[in-house]
Every structure is written in C-alpha cells, then in structure tokens.
Amino acid sequence: MPVNFFPAQFEVLRNTDKCIGCRACERQCANEVHYFDGDYGKMFANEANCVDCQRCVCICPTGALKIRPNENAFRESANYTQQIMIENYRQAGSGGVLLSSMGTPKDYPVYWDKMLINASQVTNPPIDPLREPMETKVFLGKKPGSIRKNPDGTINTELPPHLELNVPIMFSAMSYGSISKNAHESLARAAEELGTYYNTGEGGLHKDFYQYGGNTIVQVASGRFGVFKGYLDAGAAIEIKMGQGAKPGIGGHLPGEKIREDVSKTRMIPMGTDAISPAPHHDIYSIEDLRQLIFSLKEATEYTKPVFVKIAAVHNVAAIASGIARSGADVICIDGFRGGTGAAPTRIRDNVGIPIELALASVDQRLRDEGIRNEVSIVAGGSVRSSSDAVKAFALGADAIYIGTPALLALGCHLCRSCHGGKCNWGIATQRPDLVKRLNPDVGYQRLVNLVRAWDHEIKEIMGGMGINSIEALKGNRLMLRGIGLNQKELDILGIQHAGE
Amino acid sequence: MKRVYVNEDRCLGCHLCEYYCAFANSGETDMAKTFKLNRNPVPRITVESAGDVNFAVQCRQCAAHPCVKACITGALSFNSGVIQIDDSRCVGCYTCVMSCPYGCIVIDEKNNGKTITKCELCTRNAIGEPACVSGCINQAIVFEERGEN
C-alpha cells in the first residue's frame, strides 16, 4: 500500500454515552463515513471520507456527534501552510488541476466589514419602519435621460422594459445540473411568492418550471445550453453571462455523470456527455459583438424584456461596464471574486478577480462621470452575505443585489465546499435521486421566503435609522458610509470618507 | 379526521421516525437513556424499504378497523378517529395482528410479548402530537386532513 501523504482532514467525535446506534448518520452519509461494526456492536467512522458537511451532526437525534478539524499538525510555516502542502501532495498524486467549490476560503479583505453605516440623530429624525411607509421596491432597466413629449404636447410615458422587484434581492444564477431540481423548484417558488426573480443559470429551463417564467431570468451563456425561442419567451428577462466572479476568464464543465435524462433534455445535449461552456462566447470579441447578441435577443423577444449582462469583477471592470452600458444592455450584473461556484479550478477561484465592493464603487462612479448611469441598472453579487452588506451595496450604487450562497444556506448548505463531488448530502449540489429527495421543496421554498423577508425587514430598519425611506434615496448615497481601518487609496476607490471625517 | 400520512417521494428511509416513536411512547424523558438502558422501547411505526423506495407505515386508524372487530376481549376500541388499545384487557392472542391489512399492530416486547401495542397518534403519551411527524427530518410524514378513508 502506498504511503498516505496526508491524514484525514476532519475528526468525527462520537459521544458513546449518547449514541443509541440508530445508524441514521450511516444512512444519510453519501460519503460513507459512518459504519456499524457488528463485532464491537457500535458505530465507527472512516474519517478520510468526511467533508464536514454537518449532515450527520444535524440529524443525530441525541446530539452525539461533532466534526472538527483534525488536530494532527504538519510542521507548517507561515509560508508553507498545511493547506498548501496538502494541495501539492494531492497534485503529485493525481497530476490534475485542483478543483474547488463555493467562494474562496482565503483571508482576503472583506470591505463590507470595513464600512460603517450612518444613522440620524437630533437634526434629521430617523424613521420607524413599523409606523411609516418604507419602500424597498425597485425597478431594473433603462431610465430615460430626458422628458420626451408626444406631438400633441403630452408627456411620453413609454419606458423601455423594466423588471419590478418587490424586494431588492434576487437569487443569482445557479444552473439546473449544478444544483438539483428540488433546489431549483425551491428558488422558483420563493421568487414567485416574494415578487422577485431567480436565475436559470446556463442550464436551460426545466419544463416543469415554465410556470414560474414570470419570475425567471433566463441566462444565455457561452455554451448556449437549452436556449431556444420558447426559453427566451418564458423568462421575464434575459441575462448574457460573460463571466462569473469565482472563475473569471474560465468556462464551465459539468461532468457527464451529472447529465442524466432530465438535465440532458433541459440542456438539449446527449445524455452522459460533458457539458462544456467555453471560456469566451465564440461570437463575442468586442463590445460591438456583444451589442449584436443583445439586439438579437431583444429582436427575438420583440423588445419586451430587459437584457442583463453579467460580468466578473476584474481589474478594468469600470471600462468594461462603460462599454456594456453603451451596448444596449439594460442591466449590468457585477459578480465579485468571493462569490460561489459549483466547481472552479482552485487557483483561479483563489487568485483571480477583485472584490465586489471596489468593483461596484468604481463602476457606479465611472458611469456617473460619463453621464450614462441612467442607461443601466447595476446588480451586485459575489458575496453579499447579509442585509447590512446589501445596504452598503445600495449605498455604493447597486440597484439590487444577487444572493447565491445565502440562498443555499437557507436550503441547508453548510459550505463544505464539495459541490464538485456531486454527493451533496443536503440534496442541493447533486443529481443523485436519493440525495435530491433530501431537499423537500415545500420546506426549502418557505425557508428562502423567510430569509429574504428577514433581510427585507432589516434593510428597512437600517434605512429607517438613516432617515431614508426608499432604496431609491439610498442608492449611491455614499455619504451614508464611512470607512474603518482603510487607507486613503481604498477610501478613494470606494468614494467614501473615513470614520470621524 | 386528521391522520398521519407518509409522502413516499419525500421519505429518505433514515428510520429516525421509529426512534422518535419508540422514545415518545417509552415514558422516558431522555432519548439516549431510553435506548442505552435497554428498556426495549418499541416503535409503532416501521420504515419499509426496497431499493430507492422507502416509506414509513403505521396504523391508518382506518374506518373499517378490522382489528377492533377481531379483538376477542374488547381491548381495542375506535374512539373519535383513533383506534385505542386497553392493555389491561389484552390477552396477547394476536388475532388483531393477523387481521390488520397494513401489518401495523406491534407486539409489545416491553411486556414480553404478552400484549400488543399500536399507534395511537401520541394521544396517550406526554408528547401530545405525533412524534414521528415532528421528528421527520424531511417533513415526509405529515399529520393532516385528507377526507375519510
């Protein structure tokens, strides 16, 4: 047997005084960690398989289980950490590219946590959202730059197509294929009940979900999976995916094992074949090309739906956004590099892109400087973790936010970052029927609704404290933010002052 | 009447309902103690599994209640939608076990098999609501009104 270069990453601690041997942990672990030994008459664990998804801990009826990081320690240094050593061992064993899932775990600065929100005192009264009207409804789309009059002198009230959001929070793109059908159903039903939108991702729209079309943003990505006229017509808006925050410059690869019958039909590709999304759109090499695709899609849907363009936050994001704003897009979605993914090369996820806070601030500023901010709405995503992050995003200039990871958390995800393994014990990032079953959409959708309603309440409370009664009045209102522990360059990019100024 | 139903498409076959049922009817206050101290807790619900299909089965409290009709001592009775068992009258003849079309009458091992026991919708224990329903991790087991059966 070859030498195992690194030990199990987690330890399974079982309190034998509490364990009643019901074997629920064993039945519910798709990684086959737990097992019952008849000779000893008790449960044991094969710790090497554990990914710390916490499923067993959460279902154990007597609370007998704990999973914790293996305390075994390599002789690590600040430079060569245990993590880096293990990754090199892994690659020396496999010869392959390292794959990871969800947002980067690395310790990059989280600028949300370095901004503080203002509140009213004495001279301008705060508002109590329970007693006074508070508006969190937003509209996404082009806003006219001037008042136009009809030949008879009346004002032309015709607007380009808009999306109406009852809450300024949408569910970001997660494809059917990367997540399960039950997860998709939960998102679709929650979006419908909340009066907001979810996004198909690039996996097409399952036939069962056409009924939620009024709350669906249909995505057109580089692989063009599942795209046809009926699909474009079904959605409330169309999103062209140019990039994703977690893996800018990289396409996608859904392995053939996940392309079962339903996924194959929805994506319109043969069963068992790998679904490969190229890194570029092969018909887009310039803003002019992008404009062509935007207008092709508008033409196909008779100019009734807004077209979104989603880009990853990268170094020159402001210039790119300026081009997109001029290309005819109605909404720009910016995805920060801490955003999640169902699978990405580790080195890309952990090293490519820039934080959403800086990208959002610079895009908003650039569009304002160029006088074209009204041409597009801005949707920020890529690690908006809470309602306070959302409020800060609005103050930096976002019209609405996309949430992906928080939505998955609502469905039970414990961020074990093993989506690419396809054995999600929570029934989210898997296509195995026995695992998909574990996510009951009746429960899932209600938890999503609860989460977004809770955020909405908190957003209203925070806005009320500032003496602001609508997202419109908060949007781009950077005077409501102060930096804490940021240097002058960071403050300049964010367009905010330091606390105390 | 509200009854316990199992949505087969949601049932994961984790068997936790059996444990919550046995605990609820054990009279104990601590789950670990119930099973660790070997008091023969008997579940009144059983998960049936074959391949990927699982579903939990317990007394349907059916309107026909052949068990009540078969009972030779009158230990079983049908009261406001619940088929109840009177331990003091049961003689352990198992005629009800033979007559139940769902196989839901359970031999009470706690009483060395001298009596039977069955689901009484947790109406006679300290839980008050069906423990299998509240304990189901996927809300596959529900307690609801679906019309008479």
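This is a predicted model: local features need pLDDT of at least 70, side-chain atom pairs count only at pLDDT 80 or more; totals for chains, interfaces and linings use all residues.
I started with the contact between the chains, which takes 20 residues from chain B and 22 residues from chain A.

**Entry 1, the interface.** I looked up the area next, as the size of an interface is often given as the accessible area lost when the parts come together. Between chain B and chain A about 1600 Å² is buried, and carbon and sulfur atoms give 57% of that. On the chain B side, I find that Arg10(B), Leu12(B) and Lys36(B) lose the most area to chain A, together 28% of what that side buries.

Then I went through the polar side of things. How many salt bridges cross the interface of chain B and chain A? I get zero by the rule. Polar contacts are another matter: I count eight residue pairs between chain B and chain A, both residues at pLDDT 80 or more.

Which elements of chain B give two or more residues to the side that touches chain A? They are α1 (16-24) and α2 (31-36). The largest share of that side, four residues, comes from α2(B). Sorting the side of chain B that touches chain A by class, I have ten nonpolar, five polar and five charged residues.

I moved to chain A and found His34(A) in strand β2 (residues 34-37). Buried or exposed, I wondered about His34(A)? With a relative accessible area of 5%, His34(A) falls under the 20% cut-off, so I put it down as buried. The side chain of His34(A) makes a polar contact of 3.0 Å with that of Arg14(A). Leaving out residues up to four places away in sequence, I also listed what His34(A) touches: among them are Val12(A), Cys25(A), Cys29(A), Cys56(A), Met43(A), Phe44(A) and Leu65(A).

I then looked at cover. α4(A) is mostly covered, with eleven of its 14 residues buried. The buried ones include Asn182(A), His184(A), Glu185(A) and Arg189(A), along with Leu187(A) and Leu194(A). What do the buried residues of α4(A) pack against? I noted strands β9 (169-171) and β10 (198-199), plus helices α12 (405-410), α13 (433-436) and α14 (441-466), in chain A. Last item: just after α4(A), Gly195(A) takes a positive phi of about 75 degrees.

Key
Residues are numbered from 1 along each chain as its sequence is written. Chains are lettered from A and ligands numbered from 1 in the order in which they are written. Side-chain values use heavy atoms; hydrogens and water are left out. Buried means under 20% relative accessible area, exposed over 50%, partly exposed in between (1.4 Å probe, protein chains only). A polar contact is a pair of N or O atoms within 3.5 Å; within protein, one must be able to donate a hydrogen and the other to accept it, and residues adjacent in sequence count only if both atoms are side-chain atoms. Contact means heavy atoms within 4.5 Å. Buried area is the accessible area (1.4 Å probe) that two parts lose on being put together, summed over both. A salt bridge is a side-chain nitrogen of Lys or Arg within 4 Å of a carboxyl oxygen of Asp or Glu. Ala, Val, Leu, Ile, Met, Phe, Trp, Tyr, Cys and Pro count as nonpolar, Asp, Glu, Lys and Arg as charged, and the others, Gly among them, as polar.
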